[in-house]
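Student: I would like to learn how to read a model like this one. Please show it to me, and let us go through it feature by feature.

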Amino acid sequence: MTTGSLTVLFEEPFWVGIFETNDDEGLRVCKVTFGAEPTEKEVMEFVDKNWHRLQFSQAVDDTPAAENRKNAKRLLREAKKKNAIAWHRD
């Protein structure tokens with residue numbers, strides 16, 4: 001299944017749109033500069049007219065790595081243990 005989203009935000013000095021699409025290949029993004037603050041109608045017209053022209057990035061796997069899924073307390077204990085071993089070796 002393919003999902004997508006658009007976030008419009010202000011990055012001084014312009015308003016930009018961040019398009020994201022997520023499918024079987026992974027997460028892909030595209031950044032578009034609008035200039036002045038666009039209205040909702042202008043954003044919808046832009047999407048209708050320009051969707052097929054957007055240049056999305058290469059797909060990246062957006063599933064978190066196994067290391068990132070570890071419990072925070074476990075990671076802290078492991079870091080303290082490594083530091084304690086390094087300290088005793090000196």
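Tutor: Start with contacts, meaning heavy atoms within 4.5 Å. Of the contacts in the chain with a separation of 6 or more, 32% are between residues 24 or more positions apart. A word on the source: this is a predicted model, where local features need pLDDT of at least 70, side-chain atom pairs count only at pLDDT 80 or more, and totals for chains, interfaces and linings use all residues. Residues are numbered from 1 along each chain as its sequence is written, and side-chain values use heavy atoms, with hydrogens and water left out.

Student: Which pattern does the chain follow along the sequence?

Tutor: Elements here are DSSP runs, numbered from the N terminus: helices are H or I with at least four residues, strands are E with at least two. The chain has two helices and three strands. Their pattern along the sequence is β-β-β-α-α.

Student: In what order do the strands form the sheet?

Tutor: The general idea comes first. Strands of a sheet pair through backbone hydrogen bonds, either parallel or antiparallel. Here two strands count as paired if DSSP finds at least two bridges between them. In this model the sheet is open, its three strands are ordered β1-β2-β3, and the pairing is antiparallel. β1 (3–11) and β3 (26–35) are the edge strands, each pairing on one side only. On average, neighbouring strands of this sheet are turned by 20 degrees against each other, direction ignored. For such angles, axes are lines fitted to C-alpha atoms, for helices over the stretch in contact, and the angles run from 0 to 180 degrees between N-to-C directions.

Student: How many bridges join β1 to β2?

Tutor: Nine bridges link β1 with β2, which spans residues 14–23. Gly4 is opposite Thr21 in β2, and Leu6 has Phe19 of β2 as its bridge partner. The two strands form a hairpin with two residues between them.

Student: Which peptide bond is cis?

Tutor: Most residues other than glycine have a negative phi, and most peptide bonds are trans. The bond from Glu12 to Pro13 is cis, with omega near 10 degrees. Pro13 sits in the loop between β1 and β2.

Student: Where does helix α1 pack?

Tutor: Helix α1 (residues 40–50) packs on the sheet and touches β1, β2 and β3. Its direction makes about 130 degrees with that of β1.

Student: Which residues of α1 are buried?

Tutor: An α-helix has 3.6 residues a turn, so residues three or four places apart point the same way. Buried means under 20% relative accessible area, exposed over 50%, and partly exposed in between (1.4 Å probe, protein chains only). In α1 the buried residues are Val43, Phe46 and Asn50. Down the axis of α1 they fall within an arc of 60 degrees, so they line one face of the helix. That arc is taken over the directions from the helix axis to the C-beta atoms. These buried residues pack against β1, β2 and β3. Turned away from them is a face with the exposed residues Glu40, Lys41, Asp48 and Lys49.

Student: How many salt bridges are there?

Tutor: Side chains of opposite charge can pair when their charged atoms come close. The rule asks for a side-chain nitrogen of Lys or Arg within 4 Å of a carboxyl oxygen of Asp or Glu. By that rule there are two salt bridges. In one, Glu11 pairs with Lys31, with the closest N and O atoms 2.8 Å apart. Glu11 belongs to β1 and Lys31 to β3, so the pair ties together parts 20 residues apart in sequence. Arg28 and Asp23 also meet in a salt bridge, at 2.7 Å from N to O. Arg28 is partly exposed, at 22% relative accessible area, whereas Asp23 is buried, at 18%.

Student: Which residues is Leu9 in contact with, leaving aside its neighbours within four places in sequence?

Tutor: They are Phe14, Trp15, Val16 and Ile18. Leu9 is in strand β1. Its relative accessibility is 28%, which counts as partly exposed.
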